[in-house]
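Dear colleague,

I am handing over the structure we spoke about, and below it you will find my notes on what was found. Please read them with the coordinates open beside you.

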Amino acid sequence: MPLGFTLAALDLVFPAFCSICAGTLGAGRRDPLCGRCWGAITRLAAPWCHVCGASSPTAVTFDGPHRVEHGREGAAPGAAPSRPCSTCTTDPPQYDYARSAAVYEGALREALHAFKFSGKRALARPLGDLAIEQCVASLLEGIEAVIAVPLARERERERGFNQAALLAQRIAKRLGVPTRPRWLARVRATRPQSDLPAAERRVNVRGAFRASRAVAGRHVLVVDDVLTTGATLGECARALRDGGARCVGVLTVARVLHAAV
């Protein structure tokens with residue numbers, strides 16, 4: 001029986017509703033997101049900084065994608081990244097490269113909040129797929145393992161899961177590489193980064209992570225849900241570097257624009 005017919009039959013008996021807007025999933029669905037919410041996510045174009053992954057938003061509508069003008073530091077639309085941006089030149093991050101799929105706003109922000117704080121774990125599937133589908137072409141070759149940003153024990157116990165770990169599992173499956181949860185550990189609890197101004201975030205997470213010796217000589221990809229200032233991901237990368245990692249990449253579903261990375 002064709003998959004489309006099966007889904008239609010199931011929806012008649014057990015109506016499926018979007019985790020964000022509560023509307024029926026309908027055409028263009030990416031379960032459990034409806035086609036309208038999925039299409040409302042503002043994707044990011046190919047990066048014009050090959051280090052931090054800074055890029056221009058691309059608005060996706062039902063009529064197809066179109067470019068939204070946004071500061072590109074002179075880069076031509078669609079141009080391949082050729083050099084680091086001014087921020088990465090003056091203050092290079094600890095990771096070798098970072099990529100993000102979409103802008104942290106609107107439907108995507110609601111989806112991530114529902115995923116993290118309302119226990120809607122099924123959202124890991126479309127959100128992980130979004131990260132891969134949007135960024136796979138610009139990831140460096142030779143990734144050997146995917147590592148989730150570790151969550152503090154008390155926070156993971158309270159939430160019931162680590163959202164980064166669920167995303168990492170989906171992303172690793174799509175890449176065809178293993179996840180290595182024991183290769184990076186959080187060795188001390190920190191205050192929630194969202195409670196702190198940008199200037200205090202690096203101090204808050206300094207020394208909070210430790211890498212296993214197994215990372216030595218490896219190219220690893222660190223996964224998280226949102227890149228805001230890059231403080232947490234940078235500290236993860238620092239620990240992996242100290243452990244001997246050969247190359248450290250970062251991949252997030254969303255990115256806060258205009259934040260220092």
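A polar contact here is a pair of N or O atoms within 3.5 Å, where, within protein, one atom must be able to donate a hydrogen and the other to accept it, and where residues adjacent in sequence count only if both atoms are side-chain atoms. By that criterion the side chains of Ser100 and Thr252 are joined by a polar contact of 2.7 Å, and please keep in mind throughout that this is a predicted model.

Ser100 belongs to strand E4, and at a relative accessibility of 7% Ser100 counts as buried, since the cut-off for that word is under 20%. Leaving aside residues up to four places away in sequence, Ser100 touches Leu44, Cys135, Leu227, Thr252, Val253, Ala254 and Arg255. The strand itself, residues 97-103, is mostly covered, with seven of its seven residues buried. E4 pairs with strand E9, residues 247-255, in the parallel sense over six bridges, and Val103 stands opposite Arg255 of E9.

Another parallel pairing, over four bridges, joins E5 and E8, and in it Ala145 has Val220 of E8 as its bridge partner. In a regular strand the side chains alternate between the two faces of the sheet. In E5, Ala145 and Ile147 point one way while Val146 and Ala148 point the other way, and all of them are buried.

H7 has 13 residues and reaches 18 Å from its first C-alpha to its last, close to the 18 Å expected at 1.5 Å a residue. Its buried residues are Gln163, Ala164, Leu167, Ala168, Ile171 and Ala172, and because they cover an arc of only 155° around the axis, they lie on the same side of H7. An α-helix has 3.6 residues a turn, so residues three or four places apart point the same way. The buried residues of H7 pack against helices H4 (106-117), H5 (124-135) and H6 (153-159), and against strands E5 (145-148), E8 (219-227) and E9. At the N-terminal end, H7 is capped by Asn162, a side-chain oxygen of which lies 3.0 Å from the backbone nitrogen of Ala164, whereas after the helix comes Gly176, whose phi is positive, near 75°.

Ala137, by contrast with the residues above, sits in the loop between H5 and E5, and Ala137 is exposed because its relative accessible area of 78% is over 50%. The C-alpha atoms of Ala137 and Ala46 are separated by 8.6 Å, although the two residues are 91 residues apart along the chain.

For the chain as a whole, there are nine helices and nine strands, and 47% of the 261 residues count as buried. Among contacts with a separation of 6 or more, 71% come from residues 24 or more positions apart.

Finally, some caution about confidence. The chain averages a pLDDT of 84, with 79% of the residues scoring at least 70, but over residues 10-14 the pLDDT is below 50, and that stretch has three contacts in the model beyond near neighbours in sequence. Over residues 60-81 the pLDDT likewise stays under 50, although the model has 40 contacts for them beyond four places in sequence. Where pLDDT is low, the predicted coordinates should not be read in detail.

With best wishes

Methods
Residues numbered from 1 in each chain as written. Predicted model: local features only at pLDDT ≥ 70, side-chain atom pairs only at ≥ 80, totals over all residues. Heavy atoms only, no water. pLDDT = per-residue confidence, 0-100. Contact = heavy atoms within 4.5 Å. Buried < 20%, exposed > 50% of the residue type's maximum accessible area, 1.4 Å probe, protein only. Helix = DSSP H or I, 4+ residues; strand = E, 2+ residues; numbered from the N terminus. Pairing = 2+ DSSP bridges. Expected span 1.5 Å × (residues − 1). Arc of directions from axis to C-beta.
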